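Student: Please put the structure up. I would like to go through it with you step by step.

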Amino acid sequence: MFTGFRLSLGIAWLVLVALSAVSAFLTTQTGALPGSLVGALLLLLAFAKARTILADYLHLRHSPRWLAGFSAILAFFVAALMVLHIAG
């Protein structure tokens with residue numbers, strides 16, 4: 001069981017590294033892509049990273065109601081930021 005625990009954290013870490021690499025790449029594409037699209041994609045990647053941390057590092061995967069609650073709050077926050085980013 002401990003090995004599976006470490007494996008799931010290792011996979012979560014790799015997912016976070018990959019999402020961070022995509023985020024870093026997107027920041028270099030501001031001239032090639034519209035700024036509103038880059039901003040929206042970065043917010044979605046931040047949501048995915050936050051959800052990965054909540055599910056795997058904070059072990060909310062084992063508590064689906066808490067994970068769903070935090071995910072809903074995060075989704076609302078990201079949606080509000082996206083509206084502000086696109087409007088502004």
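**Fold and salt bridge**

Tutor: From the N terminus on, the elements run α-α-α. Helices (H or I, at least four residues) and strands (E, at least two) are DSSP runs, numbered from the N terminus. This is a predicted model: local features need pLDDT of at least 70, side-chain atom pairs count only at pLDDT 80 or more, and totals for chains, interfaces and linings use all residues. Residues are numbered from 1 along each chain as its sequence is written, and side-chain values use heavy atoms, with hydrogens and water left out.

Student: What percentage of the residues count as buried?

Tutor: Buried means under 20% relative accessible area, exposed over 50%, partly exposed in between (1.4 Å probe, protein chains only). Of the 88 residues, the buried share is 24%.

Student: Which side chains meet in a salt bridge?

Tutor: A salt bridge needs a side-chain nitrogen of Lys or Arg within 4 Å of a carboxyl oxygen of Asp or Glu. The count comes to 1. At 2.9 Å, N to O, the pair is Arg-61 and Asp-56.
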